[in-house]
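Dear colleague,

I am passing on the structure below, together with some notes on what came out of going through it. Please read the notes with the structure open beside you.

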Amino acid sequence: MTMTTTGTGTGTGTGTVDPAEAGSDVEAENEGAAENDVAAGPRDALRLLCRDARTADGLPWARAHAVFDASPDVADVVSRQDLEDWLDCGLLHYPVLNAMRGGTPVPPEELTRVMHVSGDPRGGYVDGAKVRAQLAAGATVVVQNLHEWHRPAQRLCRRLARLFSAKAGAVAFWTRAGEDGLRVHRDDGHLFVVQITGTKRWYLYDTPREAADWRPGYVRDEDLAGAETVDLRAGQVLYLPEGIAHHTRTLDTESVHVTVAVREPGLRDTVELAVRACLARIPDHAALSGTSAEREEAADDLLTRLADALGRVDRAALVRDVSRRAAETRGSR
(Lines give C-alpha, C1' and ligand atoms only; values in the text may rest on other atoms or scores of the structure.)
Protein backbone atom coordinates (compact mmCIF):
# COMPACT_ATOMS: atom_id res chain seq x y z
CA MET A 1 0.00 0.00 0.00
CA THR A 2 1.27 3.46 -0.86
CA MET A 3 0.00 6.89 0.01
CA THR A 4 1.40 10.33 -0.66
CA THR A 5 -0.03 13.67 0.34
CA THR A 6 0.89 17.28 -0.13
CA GLY A 7 -0.14 20.39 1.70
CA THR A 8 -0.01 22.69 -1.36
CA GLY A 9 -2.44 22.48 -2.87
CA THR A 10 -25.31 1.24 -22.53
CA GLY A 11 -24.16 -1.69 -23.84
CA THR A 12 -23.66 -5.37 -23.08
CA GLY A 13 -21.52 -7.38 -20.72
CA THR A 14 -21.57 -8.19 -17.04
CA GLY A 15 -21.22 -4.57 -16.03
CA THR A 16 -24.31 -3.22 -17.75
CA VAL A 17 -27.65 -2.76 -16.06
CA ASP A 18 -30.66 -4.59 -17.46
CA PRO A 19 -33.51 -2.10 -16.95
CA ALA A 20 -35.78 -4.96 -15.88
CA GLU A 21 -33.38 -5.79 -13.08
CA ALA A 22 -32.32 -2.31 -12.06
CA GLY A 23 -35.23 -1.89 -9.69
CA SER A 24 -34.89 -5.33 -8.12
CA ASP A 25 -31.54 -6.81 -7.13
CA VAL A 26 -29.57 -3.56 -7.38
CA GLU A 27 -32.05 -1.69 -5.24
CA ALA A 28 -32.29 -4.57 -2.79
CA GLU A 29 -28.55 -4.69 -2.40
CA ASN A 30 -28.23 -0.98 -1.86
CA GLU A 31 -31.18 -0.82 0.50
CA GLY A 32 -29.56 -3.56 2.55
CA ALA A 33 -26.45 -1.44 2.96
CA ALA A 34 -28.26 1.85 3.44
CA GLU A 35 -28.84 1.49 7.15
CA ASN A 36 -25.11 1.44 7.82
CA ASP A 37 -24.28 4.02 5.17
CA VAL A 38 -26.60 6.86 6.09
CA ALA A 39 -24.89 9.83 7.74
CA ALA A 40 -21.66 7.88 8.29
CA GLY A 41 -19.43 10.68 7.03
CA PRO A 42 -16.35 11.13 4.80
CA ARG A 43 -14.01 8.84 6.73
CA ASP A 44 -16.23 5.78 6.25
CA ALA A 45 -16.62 6.65 2.58
CA LEU A 46 -12.87 6.88 2.18
CA ARG A 47 -12.47 3.44 3.78
CA LEU A 48 -14.70 2.05 1.04
CA LEU A 49 -12.24 3.35 -1.57
CA CYS A 50 -8.93 2.27 -0.01
CA ARG A 51 -7.36 -1.17 -0.37
CA ASP A 52 -6.21 -0.88 3.23
CA ALA A 53 -9.06 0.73 5.15
CA ARG A 54 -6.57 2.15 7.66
CA THR A 55 -5.19 4.40 4.92
CA ALA A 56 -8.41 6.41 5.03
CA ASP A 57 -7.61 7.70 8.51
CA GLY A 58 -4.60 9.60 7.16
CA LEU A 59 -6.18 11.09 4.04
CA PRO A 60 -6.39 14.91 4.00
CA TRP A 61 -10.08 15.32 3.21
CA ALA A 62 -10.78 18.70 1.59
CA ARG A 63 -7.25 19.97 2.32
CA ALA A 64 -4.75 18.45 -0.13
CA HIS A 65 -4.41 15.82 -2.81
CA ALA A 66 -3.39 12.23 -2.07
CA VAL A 67 -2.57 8.99 -3.90
CA PHE A 68 -3.53 5.59 -2.50
CA ASP A 69 -4.15 2.01 -3.58
CA ALA A 70 -7.71 1.28 -4.70
CA SER A 71 -9.90 -1.34 -3.06
CA PRO A 72 -10.62 -4.29 -5.43
CA ASP A 73 -14.19 -3.19 -6.21
CA VAL A 74 -13.00 0.30 -7.05
CA ALA A 75 -10.01 -0.84 -9.14
CA ASP A 76 -12.32 -3.04 -11.24
CA VAL A 77 -15.25 -0.63 -11.51
CA VAL A 78 -14.68 -0.47 -15.30
CA SER A 79 -12.41 -2.63 -17.45
CA ARG A 80 -10.65 -1.99 -20.74
CA GLN A 81 -12.84 -4.76 -22.23
CA ASP A 82 -15.97 -2.92 -21.09
CA LEU A 83 -15.01 -0.03 -23.36
CA GLU A 84 -14.46 -2.33 -26.33
CA ASP A 85 -17.81 -4.04 -25.69
CA TRP A 86 -19.66 -0.74 -25.50
CA LEU A 87 -18.25 0.26 -28.90
CA ASP A 88 -18.92 -3.08 -30.59
CA CYS A 89 -22.01 -4.48 -28.89
CA GLY A 90 -23.73 -1.62 -27.15
CA LEU A 91 -26.43 0.96 -27.71
CA LEU A 92 -24.57 4.00 -26.47
CA HIS A 93 -25.93 7.26 -27.80
CA TYR A 94 -24.23 10.63 -28.13
CA PRO A 95 -23.52 12.46 -25.84
CA VAL A 96 -23.35 9.60 -23.30
CA LEU A 97 -20.21 8.87 -25.28
CA ASN A 98 -18.44 11.91 -26.64
CA ALA A 99 -14.86 12.97 -27.35
CA MET A 100 -12.57 15.97 -26.97
CA ARG A 101 -9.55 16.81 -29.11
CA GLY A 102 -7.29 19.75 -28.33
CA GLY A 103 -9.82 21.02 -25.81
CA THR A 104 -12.57 21.12 -28.44
CA PRO A 105 -15.56 18.74 -28.64
CA VAL A 106 -15.49 16.31 -31.55
CA PRO A 107 -18.67 16.87 -33.66
CA PRO A 108 -21.28 14.16 -33.05
CA GLU A 109 -21.38 13.15 -36.74
CA GLU A 110 -17.72 12.11 -36.42
CA LEU A 111 -18.61 9.64 -33.65
CA THR A 112 -22.06 8.33 -34.55
CA ARG A 113 -24.11 6.48 -37.16
CA VAL A 114 -27.74 5.96 -38.15
CA MET A 115 -29.32 2.76 -36.88
CA HIS A 116 -32.57 1.33 -38.25
CA VAL A 117 -34.89 0.43 -35.39
CA SER A 118 -38.12 -1.35 -36.43
CA GLY A 119 -37.46 -0.03 -39.91
CA ASP A 120 -37.09 3.60 -38.81
CA PRO A 121 -33.73 5.38 -39.16
CA ARG A 122 -32.47 6.76 -35.86
CA GLY A 123 -29.35 8.87 -35.63
CA GLY A 124 -26.89 9.46 -32.83
CA TYR A 125 -25.83 5.89 -32.08
CA VAL A 126 -22.14 5.46 -31.37
CA ASP A 127 -20.11 4.07 -34.27
CA GLY A 128 -17.23 2.00 -32.90
CA ALA A 129 -15.03 2.43 -35.98
CA LYS A 130 -15.45 6.21 -35.93
CA VAL A 131 -14.69 6.40 -32.22
CA ARG A 132 -11.53 4.31 -32.61
CA ALA A 133 -10.43 6.57 -35.47
CA GLN A 134 -10.84 9.62 -33.26
CA LEU A 135 -8.94 7.89 -30.47
CA ALA A 136 -6.08 7.10 -32.86
CA ALA A 137 -6.05 10.75 -33.98
CA GLY A 138 -5.43 11.90 -30.41
CA ALA A 139 -8.92 12.50 -29.05
CA THR A 140 -9.91 11.66 -25.50
CA VAL A 141 -13.04 9.49 -25.48
CA VAL A 142 -15.42 10.32 -22.63
CA VAL A 143 -18.18 7.99 -21.38
CA GLN A 144 -20.65 9.82 -19.17
CA ASN A 145 -23.10 8.90 -16.41
CA LEU A 146 -21.76 5.44 -15.64
CA HIS A 147 -23.67 5.62 -12.34
CA GLU A 148 -26.93 5.55 -14.33
CA TRP A 149 -26.43 2.39 -16.40
CA HIS A 150 -23.20 0.54 -15.51
CA ARG A 151 -23.88 -1.73 -12.55
CA PRO A 152 -20.49 -1.62 -10.72
CA ALA A 153 -20.32 2.17 -11.00
CA GLN A 154 -23.95 2.45 -9.96
CA ARG A 155 -23.38 0.43 -6.81
CA LEU A 156 -20.24 2.33 -5.90
CA CYS A 157 -21.73 5.77 -6.46
CA ARG A 158 -24.94 5.02 -4.56
CA ARG A 159 -22.94 3.91 -1.52
CA LEU A 160 -20.63 6.91 -1.71
CA ALA A 161 -23.60 9.26 -2.04
CA ARG A 162 -25.06 7.91 1.20
CA LEU A 163 -21.76 7.94 3.06
CA PHE A 164 -20.77 11.42 1.95
CA SER A 165 -24.36 12.76 2.10
CA ALA A 166 -23.56 14.16 -1.32
CA LYS A 167 -24.15 13.69 -5.04
CA ALA A 168 -21.88 11.09 -6.65
CA GLY A 169 -21.35 10.33 -10.36
CA ALA A 170 -18.80 8.51 -12.50
CA VAL A 171 -17.25 9.21 -15.91
CA ALA A 172 -14.67 7.17 -17.88
CA PHE A 173 -11.84 8.66 -19.96
CA TRP A 174 -9.87 6.81 -22.66
CA THR A 175 -6.74 8.36 -24.21
CA ARG A 176 -3.96 6.92 -26.38
CA ALA A 177 -0.29 7.06 -25.34
CA GLY A 178 1.47 10.42 -25.42
CA GLU A 179 -1.65 12.56 -25.62
CA ASP A 180 -2.92 15.37 -23.43
CA GLY A 181 -6.36 15.20 -21.89
CA LEU A 182 -8.65 18.17 -21.36
CA ARG A 183 -7.28 21.69 -21.00
CA VAL A 184 -6.47 23.02 -17.54
CA HIS A 185 -9.71 23.23 -15.59
CA ARG A 186 -11.33 23.07 -12.18
CA ASP A 187 -14.24 20.82 -11.21
CA ASP A 188 -17.11 21.65 -8.87
CA GLY A 189 -16.59 18.70 -6.55
CA HIS A 190 -14.14 16.37 -4.88
CA LEU A 191 -12.61 13.95 -7.42
CA PHE A 192 -11.47 10.36 -6.99
CA VAL A 193 -9.53 9.34 -10.11
CA VAL A 194 -9.27 5.56 -10.50
CA GLN A 195 -6.52 4.53 -12.92
CA ILE A 196 -7.71 1.40 -14.78
CA THR A 197 -4.90 0.87 -17.31
CA GLY A 198 -1.69 2.67 -18.20
CA THR A 199 -0.06 5.58 -16.42
CA LYS A 200 -1.30 9.15 -16.54
CA ARG A 201 0.62 12.20 -15.41
CA TRP A 202 -1.42 14.81 -13.60
CA TYR A 203 -0.36 18.44 -13.43
CA LEU A 204 -1.83 20.09 -10.34
CA TYR A 205 -2.00 23.75 -9.38
CA ASP A 206 -2.60 25.66 -6.17
CA THR A 207 -6.08 25.43 -4.72
CA PRO A 208 -8.03 28.62 -3.99
CA ARG A 209 -9.20 28.50 -0.41
CA GLU A 210 -12.25 30.71 -0.78
CA ALA A 211 -15.21 29.84 -3.01
CA ALA A 212 -15.33 33.44 -4.26
CA ASP A 213 -11.78 33.07 -5.63
CA TRP A 214 -12.54 30.48 -8.28
CA ARG A 215 -15.24 28.96 -10.47
CA PRO A 216 -15.51 25.62 -12.31
CA GLY A 217 -14.29 25.43 -15.90
CA TYR A 218 -11.17 26.18 -17.91
CA VAL A 219 -8.41 28.24 -16.29
CA ARG A 220 -6.37 30.92 -18.03
CA ASP A 221 -2.60 30.38 -18.18
CA GLU A 222 -1.95 33.64 -16.34
CA ASP A 223 -4.03 32.42 -13.41
CA LEU A 224 -1.95 29.27 -12.88
CA ALA A 225 0.71 28.83 -10.23
CA GLY A 226 2.30 26.12 -8.12
CA ALA A 227 2.45 23.31 -10.69
CA GLU A 228 3.13 19.84 -9.27
CA THR A 229 3.13 16.49 -11.08
CA VAL A 230 1.73 13.13 -9.98
CA ASP A 231 2.14 9.92 -12.02
CA LEU A 232 -0.93 7.75 -11.43
CA ARG A 233 -0.54 4.03 -12.15
CA ALA A 234 -3.09 1.27 -12.69
CA GLY A 235 -4.72 0.26 -9.42
CA GLN A 236 -4.16 3.62 -7.76
CA VAL A 237 -6.57 6.42 -6.87
CA LEU A 238 -5.80 10.13 -6.94
CA TYR A 239 -7.90 12.25 -4.62
CA LEU A 240 -8.33 15.91 -5.60
CA PRO A 241 -10.17 18.29 -3.27
CA GLU A 242 -12.69 20.62 -4.84
CA GLY A 243 -11.04 23.49 -6.69
CA ILE A 244 -7.62 22.09 -7.61
CA ALA A 245 -6.86 23.09 -11.20
CA HIS A 246 -5.44 20.25 -13.28
CA HIS A 247 -4.69 18.77 -16.66
CA THR A 248 -3.19 15.44 -17.74
CA ARG A 249 -0.85 13.66 -20.14
CA THR A 250 -0.85 9.94 -20.90
CA LEU A 251 2.62 8.43 -20.77
CA ASP A 252 4.02 5.45 -22.70
CA THR A 253 0.84 3.35 -22.96
CA GLU A 254 -2.81 4.22 -23.50
CA SER A 255 -4.76 5.23 -20.43
CA VAL A 256 -8.21 4.41 -19.14
CA HIS A 257 -9.35 6.06 -15.95
CA VAL A 258 -12.64 6.62 -14.16
CA THR A 259 -13.37 9.80 -12.28
CA VAL A 260 -15.86 9.63 -9.43
CA ALA A 261 -17.05 13.13 -8.55
CA VAL A 262 -18.54 13.82 -5.13
CA ARG A 263 -20.48 17.08 -4.94
CA GLU A 264 -21.44 18.10 -1.45
CA PRO A 265 -24.52 20.26 -0.86
CA GLY A 266 -23.71 23.95 -0.86
CA LEU A 267 -24.55 26.70 1.59
CA ARG A 268 -26.71 28.29 -1.13
CA ASP A 269 -28.71 25.03 -1.32
CA THR A 270 -29.24 25.23 2.43
CA VAL A 271 -30.38 28.85 2.34
CA GLU A 272 -32.73 28.23 -0.60
CA LEU A 273 -34.36 25.27 1.16
CA ALA A 274 -34.83 27.20 4.40
CA VAL A 275 -36.25 30.29 2.68
CA ARG A 276 -38.54 28.16 0.49
CA ALA A 277 -40.00 26.56 3.61
CA CYS A 278 -40.68 29.99 5.11
CA LEU A 279 -42.16 31.38 1.90
CA ALA A 280 -44.62 28.50 1.79
CA ARG A 281 -46.48 30.22 4.65
CA ILE A 282 -47.13 33.34 2.59
CA PRO A 283 -50.24 33.16 0.33
CA ASP A 284 -49.55 33.41 -3.39
CA HIS A 285 -52.23 36.09 -3.76
CA ALA A 286 -50.75 38.37 -1.05
CA ALA A 287 -50.11 41.72 -2.78
CA LEU A 288 -47.68 44.55 -2.21
CA SER A 289 -49.98 47.50 -2.84
CA GLY A 290 -50.69 51.07 -1.83
CA THR A 291 -48.44 54.10 -1.72
CA SER A 292 -44.65 53.83 -1.66
CA ALA A 293 -44.65 54.34 2.09
CA GLU A 294 -47.33 51.67 2.57
CA ARG A 295 -45.40 49.23 0.38
CA GLU A 296 -42.21 49.86 2.34
CA GLU A 297 -44.09 49.23 5.57
CA ALA A 298 -45.54 45.98 4.20
CA ALA A 299 -42.11 44.87 2.98
CA ASP A 300 -40.58 45.67 6.35
CA ASP A 301 -43.25 43.63 8.10
CA LEU A 302 -42.69 40.72 5.67
CA LEU A 303 -38.91 40.73 6.13
CA THR A 304 -39.29 40.93 9.89
CA ARG A 305 -41.58 37.90 9.88
CA LEU A 306 -39.22 36.07 7.49
CA ALA A 307 -36.22 36.73 9.73
CA ASP A 308 -38.19 35.48 12.72
CA ALA A 309 -39.24 32.33 10.83
CA LEU A 310 -35.65 31.65 9.74
CA GLY A 311 -34.51 32.02 13.31
CA ARG A 312 -36.88 29.24 14.35
CA VAL A 313 -35.85 26.77 11.61
CA ASP A 314 -34.87 23.35 12.95
CA ARG A 315 -31.18 23.31 12.00
CA ALA A 316 -30.71 19.57 12.42
CA ALA A 317 -33.77 18.77 10.30
CA LEU A 318 -32.65 21.28 7.66
CA VAL A 319 -29.18 19.72 7.38
CA ARG A 320 -30.67 16.23 7.20
CA ASP A 321 -33.03 17.30 4.43
CA VAL A 322 -30.30 19.04 2.40
CA SER A 323 -28.01 16.01 2.79
CA ARG A 324 -30.75 13.57 1.82
CA ARG A 325 -31.68 15.58 -1.27
CA ALA A 326 -28.02 15.73 -2.33
CA ALA A 327 -27.50 11.97 -1.93
CA GLU A 328 -30.66 11.19 -3.91
CA THR A 329 -29.84 13.49 -6.82
CA ARG A 330 -28.84 11.69 -10.02
CA GLY A 331 -26.83 12.76 -13.02
CA SER A 332 -23.29 14.01 -13.65
CA ARG A 333 -24.04 17.60 -12.75
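Where is Ala62 found? Ala62 sits in the loop between α2 (42-49) and β2 (66-69), where helices (H or I, at least four residues) and strands (E, at least two) are DSSP runs numbered from the N terminus. Although it is not a glycine, Ala62 has a positive phi of about 70 degrees, and at 40% relative accessibility Ala62 counts as partly exposed, the scale being buried under 20% relative accessible area, exposed over 50% and partly exposed in between, with a 1.4 Å probe and protein chains only.

Before the rest, a word on the source: this is a predicted model, in which local features need pLDDT of at least 70 and side-chain atom pairs count only at pLDDT 80 or more, while totals for chains, interfaces and linings use all residues. Residues are numbered from 1 along each chain as its sequence is written, and side-chain values use heavy atoms, with hydrogens and water left out.

As a whole, the chain has 10 helices and 16 strands, and 45% of its 333 residues count as buried. Its accessible surface comes to about 17,100 Å², of which 51% belongs to carbon and sulfur atoms; these areas come from the Shrake-Rupley method with a 1.4 Å probe, and for residues only the protein chains shown count as cover.

Apart from neighbours within four places in sequence, Phe164 is in contact (heavy atoms within 4.5 Å) with Pro42, Ala45, Leu46, Trp61, Phe192 and Val262.

Ser165 lies in the loop between α7 and β8 (167-175). Phi of Ser165 is near 50 degrees, again a positive value in a residue other than glycine, and at 18% relative accessibility Ser165 counts as buried. Another backbone feature is the cis peptide bond from Tyr94 to Pro95, with omega near 10 degrees; Pro95 is in the loop between α4 (80-89) and β3 (97-101).

The largest pocket has a volume of about 830 Å³ and is lined by 30 residues, of which Glu242, Glu264, Pro265, Gly266 and Leu267 lie nearest its centre. Here a pocket is an open set of points on a 1 Å grid over the protein atoms alone, where a 1.4 Å probe fits, with protein on both sides within 12 Å along at least five of seven lines, and lining residues have an atom within 4 Å of a point; the volume is the space filled by probe spheres set on the points, which are joined across faces, edges and corners. The elements giving two or more residues to the lining are β16 (255-263), α8 (267-279) and α10 (315-328), and α8 gives the most, with 6 residues. Leu267 lies in helix α8 and, at 74% relative accessibility, counts as exposed.

Best wishes
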